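Good morning, and thank you for coming. Please look at the structure on the screen while I go through it.

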Amino acid sequence: MTIPMIMLLLTFVFLVVRVLPGDPASLHFEKQVDPQTLLAFKRQLGLDKPIEVQYIDYLLSLLRGDFGKSMQDFSPVSQQIFSAFPATLELAICSTIVMILVGVVLGVQASRSYNSLPDHSIRVFGTASYAIPVFFLGEVMIMVFAIYFHLFPAGDRIYAGMAPTGLTLRDVHFSTGLYVIDSILEGNIGKLAMSLRYLVLPSITLGTVLCGIFIRLTRGNMLETLQLDFVTAARARGLKERTVVYGYALRNAFLPILTMMGLQFAALLAGAVLTETTFSWPGLGRYLVDRVSFRDYTAIQGVVVFFGLLVAMVSLAVDIIYAYLDPRIRF
Amino acid sequence: MSSKRLQGRIVVQFLPALTGLARRGLAGWAIIAGAVIVAAMAIMTIVSPWISPYNPIAINVGPLLSPPSSQFPLGTNHLGQDMLSRVYSGGAIMFQVSILSVIVCLVIGVPIGLFASYTGGYTDKLVSLVMDSIYAFPGLVLAIAIAAMLGPGVVNMALSIAVVYVPSYFRIIRSQVLTIKELPYVEAAHMMGAKGRATLFSYILPNVIPSIVAVATINFADAILTAAGLTFVGLGLPVSTPDWGWDLTYGRRLLTSGTWWVIAFPGLMVVLLALGFTLMGEGLSELFNPRLQK
C-alpha cells in the first residue's frame with residue numbers, strides 16, 4: 001500500500017503547486033514583471049513546458065533524488081534539504097525520547113492510581129497538552145528558562161563556529177550532521193555538553209505537546225494488563241511492585257505504543273516545523289518557513305515532498321519492526 | 001407562543017439536560033466545562049467592540065511596550081497597541097476560520113464518507129486510499145503548502161485547513177457506516193423495500209450523526225491550532241486584523257527584552273479556546289462511543 005500512497009501524495013503536492021489559481025512563477029514575482037523576464041525565469045526552472053511533461057520530469061527527477069531548483073537562486077533544493085535534515089532528525093529523536101518517557105511514565109502512574117487525584121490530574125494534563133500551540137509553549141520556555149533563569153540558550157543549535165567536526169582519521173572524514181554524535185566522534189566533551197544544552201528546550205517543548213496521546217494509550221493498556229492473571233502471579237511470587245509494573249505489565253502494553261509512535265511521526269514533523277521556527281533551529285522546518293517568506297514555490301514543493309517520503313518510510317519501518325516484535329503478524 | 005413562554009420552555013428542557021450530563025461523570029463535566037469556556041469566549045468576542053477600552057488596531061494609543069498597568073491592564077505591544085483590546089477582539093478571526101473550515105469539512109467529508117463506504121467495492125478502496133494518503137501527511141506542512149499557494153485571507157486559511165482535516169471525518173464516518181450497514185435493522189429496512197438512498201439517509205445517517213458531532217467539535221480545536229500555526233509561519237492575515245496568532249508571532253521577537261505580556265495573554269486565549277473545544281469533543285465522543293474510550 002505504501003507505493004500507491006506515495007504516488008498519490010506526490011501527485012497531490014504537484015497539483016497543489018501547479019494547478020491552484022495563479023502559476024507559481026507569476027506568484028513568485030508579487031508585482032507585474034515583463035513577460036520576457038517571466039518566460040526566461042520559467043524556462044530556467046522548466047515551468048514553461050506543458051503540465052504533463054512537467055509532471056513526468058518531476059517524478060523522474062525525484063527518482064534521482066533531485067527535489068527541483070530553488071526559485072531564489074536556482075540552486076538545487078536537495079542540497080539544502082540534506083544539509084538541514086540532520087538538525088531536524090536530531091530534534092525529532094530527542095523529542096521522541098521526551099514524548100515517550102513523559103507519556104509512558106505518567107500513563108503508568110495514572111493507571112496505578114486509578115480514579116484518584118493523581119490519575120485525574122494526569123488525565124487533565126494529557127488533555128490540556130493537546131490544546132497548547134507548540135510555539136506558545138516554546139515561547140514560555142524561552143521566557144522562563146532562557147531569559148529569566150539563564151539556564152539554557154534561547155535558540156539556535158550550537159554556539160557560532162563551535163559545530164563539531166565529527167571523526168577525522170588521517171584523511172578520512174566522517175560526520176553524521178547530528179551534533180551529539182559528532183561531538184562524541186570528535187571526542188570533545190565540551191561540545192557534547194553544549195549541543196545537549198541547546199537541545200533541551202526544543203525537545204522538551206515538542207515532546208510535551210505530543211505526549212498526551214501516549215499518556216492515554218499507556219494508561220488504558222496498563223489498566224487492562226494490570227488485571228491479568230500473569231500480573232497477579234508475578235505479585236504472588238513476591239516480586240517488587242516496580243518490577244511487576246515496568247518489567248512485566250508495561251512490556252505487554254508496549255506494542256500499541258510502538259504503533260502509535262509510527263502514527264505520531266507525522267505530527268512530530270508538523271510540530272518540528274513550528275518548534276524550529278520558535279527556537280531558530282536550523283532544520284527543515286525553518287527552511288520551509290524561510291522559503292514561504294521568499295515565495296519560493298519550487299523549494300516549498302521539494303520540502304513538502306521530502307516530508308511526505310519521510311513519513312511513508314517511517315510507517316513502513318514501523319510495520320516491519322512490528323512484525324518482528326509480534327510473531328503472530330506475517331505479511 | 002410568546003417569547004417568554006418559549007424562554008421558559010428552553011430553560012425547562014435545558015436544565016434536565018445539564019443535570020443529566022452532570023450525572024454522566026467525568027465525560028459530562030468535560031462537556032459542561034468545555035461548553036462554558038467556548039460560550040464565554042464567543043460572548044467576549046461578540047461584545048468586544050463595546051468593552052474594548054481602545055481600538056485594537058490603533059497604534060500608539062499608549063507608550064510602546066508598557067508593562068501591565070492600571071491604564072493598560074495587559075500592557076501594550078511594540079506598536080503601542082492596547083493588549084487588552086487585542087485580546088478581547090482577537091478571537092473573531094479564530095472563530096471565523098475554524099467555523100468556516102469545519103463547515104467545508106462537513107460539506108466535503110460527510111457525503112464522500114457516506115457514499116464511498118455504503119457503496120463499497122472499488123469506489124471505497126480508491127477514496128480510502130486518497131484519504132489515507134492525505135491523513136498520513138504532516139497536516140501543518142500540507143496546510144502551509146496550500147496556504148502559500150492560495151495567499152492570505154480568512155477563506156483561504158479555512159480552505160487549506162479543511163483539506164488537511166477532511167480525512168478525519170471520512171475515516172470516522174466510514175468506520176461507523178461499515179458497522180451500521182450490517183446491523184439487522186438496516187437489513188430489515190432493505191427487506192421492506194427501502195432503496196439505497198433512503199437507507200443511507202433515513203436509517204444509517206441518523207446513527208452516524210453523533211460521531212460526526214464529536215469529530216467536528218474536536219476538529220474546531222485542531223482548526224484553531226492550525227490557524228494559529230499558519231499565522232506563526234507568516235501565512236496569516238494582514239496586520240490590520242486583531243489576531244492572537246499575530247501577537248504570538250511578533251511577541252517572539254520581543255522575548256529577549258523580557259516583554260512577556262505581549263505573548264502571554266493571547267497565548268492563553270488560544271489555549272483556553274482550544275481546550276474548551278477539546279474538552280467538549282472528548283466528552284462527546286466518550287458519551288457516544290463509550291467502547292472506544294478507556
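What share of the contacts in chain B with a separation of 6 or more is accounted for by residues 24 or more positions apart? Such residues account for 68% of them, where two residues are in contact if their C-beta atoms, placed from the backbone, lie within 7 Å.

This is a predicted model, in which local features need pLDDT of at least 70 and side-chain atom pairs count only at pLDDT 80 or more, while totals for chains, interfaces and linings use all residues. Residues are numbered from 1 along each chain as its sequence is written, and chains are lettered from A and ligands numbered from 1 in the order in which they are written.

Chain B has 11 helices and zero strands; helices (H or I, at least four residues) and strands (E, at least two) are DSSP runs, numbered from the N terminus. The C-alpha trace of chain B spans about 75 × 50 × 40 Å along its principal axes.

Turning to the interface, 40 residues of chain A are in contact with 42 residues of chain B. Among the helices of chain A that each supply at least two residues to that side are α1 (2–19) and α15 (297–325).

Within chain A, these two helices also pack together: the angle between α1(A) and α15(A) is about 165 degrees, and their axes lie 10 Å apart. Axes are lines fitted to C-alpha atoms, for helices over the stretch in contact, and angles run from 0 to 180 degrees between N-to-C directions. α1(A) is therefore roughly antiparallel to α15(A), a term for angles over 145 degrees.

Technical notes. Angles under 35 degrees count as roughly parallel, over 145 as roughly antiparallel, 65 to 115 as roughly perpendicular and the rest as oblique.
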